[in-house]
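Hi,

Here is the structure I said I would pass on. Have a look at it first, and then read my notes below.

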Amino acid sequence: MPSSGLAINRRSFLSLGLAAMLMFAVGACSPAPDETDPSGSDRQHPAVSQPAPKPPREPLPEGIEWLTNDHDPVFASPLARRGGTLHVALLSFPLTFRVVGPDSNSSFRSAILGNQLSLTGIHPNTLDIVPELATHWAFGADKKTMYFKLNPKARWSDGVLLTADDFAYTLDFMRSPYIVAPWYNDYYTHEIERVVVYDDHTLAVVSTKAQPDLHLKISIAPTPRHFFDPLGEDFIRKTNWAVVPNTGPYQIDRFKKGRYVRFARKTDWWGSGLRYFKDRFNVDTVLYKVIRDTNLQWEYFKKGRLDVYPATVPQSWYVKARTPVVEKGYVHKMWFFNDTPQSAMGLWLNLDRDIFKDVNLRYAFAHAMNVEKVIRDVLHGDYFRLESAYVGYGPYTDTAIKARRYDIDKVAAYMRKSGWRRGADGIWTKDGRRFSVEVVYYAEEHTQRLVVLKEEARKAGIELKLLKLDPSTAFKKILEKRHDVAWVGWGTSLRPHFWEFWHSANAHKGQTNNITNTDDPEMDRLIDAYRSSLKESERVDLAHRIQRRVHEIGAFVPTFMVPYFRELYWRWWRFPKPPATRTSESLFDPFSSSTGGLFWFDAARYAETRKAMADGKAFPPVTVVDRTYKP
């Protein structure tokens, strides 16, 4: 999916079809009066549980070699203390609490999914498999099957015991036409063959085909059979505001439509003592409050009614941060370098346009883009040059590839090689045609960056015509391949994906991610081999060869990457050392089983800060730059 930043799901690929980034500012001081309705008038009344027939049990195969992980380093702090409320601001109230079906693909969906664990997870620093709902796992010789032993303590939030039947029911649920979710219908039909139940706490999940990185595809989440079964035509209406039982540390306990949603920590959560969950998920409640304007959110933050404000954008870090609450040390600044796959942000050339069918002109275009000047003059030197579309994927990234740099002489050489000459206005021309192309983009904050690129490109003899559209219109134009050049970034995953973006099967037709219309037989051959390979060393080699071919074709001009996040936060919040993980994208992720819940509220610091503010006392200003995981 297109993205102006990172959109990554590290625990599983299962949500790629409907991935949505959680877009919020975090806020309001923890001990402030609760603004929720104490009567609980909008609480969801529990559905009547109905028994459902269990799937047949099968005998467990012999010779299974069970694995677990109880030795990777922990990353939470034993100093963490429980208590307080974290307030987070939503730009709009969700249209539904469902995570499938109509209107479910909203930013709020991540909060609900964050409290629904899977069979296994991914360690945020080592990227090894770690236990979640399963304590042990095993791989079948067919490379299609994984076996799992469930934690016998695992329970739903309504107290019902979690069993293997709930995973079998996931297939029934996700394949049902009543959920009105075609992507999930398709995935759980064509990618997951079946779930085998051996007993209440032992199961297997079988893919429809042999898979590399099988655990990333097959570690599914359970679905509470006792809550949903039987499904019917009234599913959408019946469950629109249903608070569905979950397995994670928090559950929605009250809400008021249009105003707020509150999550409360389960005081007796079954997973709180497990190795990778201990000392995490510390706040008592997380309150999402609707604040529909980002400028208003900033004002709330400065008054201490929001606890954190995102500041990765230079304007926030350098300009907005010049405010008394920061200068007097009440608010701290954190610049945290992470190590994650980077969004493929840049300029995507449409090869179906005549001007870009000539590879020399594609190379000339790349050398006319002065990305370094934008980084230096517009982005305060804070952003980094992206070298290719696949940076940050560990061994799968070919680090030898370097993006073409701004070089007017090389532009001239490539243009003359194809018979072009400078016109009277300085723009390259041939047969009465000027090298003038339209660049489609959708974010106002990117205008200044593109203006610099435009000015520098003109010096090199290429004219950029900037066309800013609203996001929906821009994505529609780009996906329908009606652009010359698209300024866009793409979401990421744990492994590089090539077929969607570069295979000819997705070229010359609308509504596919091959927005460059790349149609190259050699590329197709490499991608097909990559998709069918089950050997990691071979897949790494093919990934490098594909990336080199992408560079040779020259349809993508990499621009910037941001291997960090920056946040402003009130000083009463505390963190482990280091304050986040290698793959964290915020200090204040409240729910993620992989990276969430590391922070905690310090009541003594809160009282100290509030008293100092009342007395006019200042603390030394604090800016922390953490390079623990800087690549």
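Before the first sheet, one term: two strands count as paired if DSSP finds at least two bridges between them. The model is a predicted one, by the way. With that in hand, look at the open sheet of 3 strands, which has the order S17-S18-S19 and antiparallel pairing. Strands S17 (421-422) and S19 (433-434) are at its edges with a single partner strand each, so one side of each has no neighbour in the sheet. Between S17 and S18 (residues 428-430) there are 2 bridges, in the antiparallel sense, and Arg421 has Thr429 in S18 as its bridge partner.

Next, strand S11 (residues 260-265). How many of its residues are buried? The count is 6 of the 6, so S11 is largely enclosed by the rest of the structure. In a regular strand, side chains alternate between the two faces of the sheet. Here both faces are covered: Tyr260, Arg262 and Ala264 are buried on one side, and Val261, Phe263 and Arg265 are buried on the other.

S11 also has strands to pair with. Strand S10 (residues 250-256) runs antiparallel to S11, with 6 bridges between them, and Arg254 has Arg262 in S11 as its bridge partner.

Now the nonpolar core. In soluble globular proteins, nonpolar side chains tend to be buried together. The largest core in this model has 171 residues, and the members that touch the most others are Phe263, Phe365, Met369, Phe435 and Trp502. Who does Met369 touch, leaving aside its neighbours within four places in sequence? The contacts are Leu347, Tyr406, Leu453, Ala457, Leu464 and Val557. There is also a second, separate core of 6 residues, and Ala138, Val196, Tyr198 and Val206 are among them.

A pair of rings is described by the distance of the centres and the angle of the planes. The model has 60 aromatic pairs. In one of them, Trp298 and Tyr309 have ring centres 4.8 Å apart and planes at 65 degrees; over 60 degrees counts as edge-to-face, so that is what this pair is. Trp298 belongs to helix H7 (residues 294-302) and Tyr309 to strand S13 (residues 308-310), so the pair ties together parts 11 residues apart in sequence. Both Trp298 and Tyr309 are buried.

Another edge-to-face pair is Trp572 with Tyr606, where the centres are 4.9 Å apart and the planes are at 70 degrees. Trp572 is in the loop between strand S25 (564-570) and strand S26 (573-574), while Tyr606 is in helix H18 (residues 603-615), so this pair ties together parts that are 34 residues apart in sequence. Trp572 is buried at a relative accessible area of 0%, and Tyr606 counts as buried at 16%. Ring pairs link these four residues into a cluster that also includes Phe301, Tyr569, Trp570 and Phe588.

The charged end of Arg566 sits over the ring of Trp335, 4.6 Å from its centre. For Arg571, the ring is that of Phe619, and the charged end is 3.9 Å from its centre.

Asn338 is in the loop between strand S14 (331-337) and strand S15 (346-349). Is Asn338 buried or exposed? Buried, because its relative accessible area is 2%, and the cut-off is under 20%. A polar atom of the Asn338 side chain lies 2.9 Å from the backbone oxygen of Ser584. Away from its sequence neighbours within four places, Asn338 has contacts including Pro563, Tyr564, Arg582 and Tyr629.

Leu542 is in helix H17 (residues 536-553), and at 6% relative accessibility it counts as buried. Beyond four places in sequence, Leu542 is in contact with Leu526, Ala529, Tyr530 and Ser533.

Best wishes

How values were computed. Residues numbered from 1 in each chain as written. Predicted model: local features only at pLDDT ≥ 70, side-chain atom pairs only at ≥ 80, totals over all residues. Heavy atoms only, no water. Core = buried A, V, L, I, M, F, W, Y, C linked by side-chain atoms within 4.5 Å. Buried < 20%, exposed > 50% of the residue type's maximum accessible area, 1.4 Å probe, protein only. Contact = heavy atoms within 4.5 Å. Helix = DSSP H or I, 4+ residues; strand = E, 2+ residues; numbered from the N terminus. Polar contact = N/O pair within 3.5 Å; in protein donor to acceptor, adjacent residues only side chain to side chain. Phe/Tyr/Trp six-rings, centres within 6.5 Å; stacked < 30°, edge-to-face > 60°. Lys NZ or Arg CZ within 6 Å of the ring centre and 35° of its normal.
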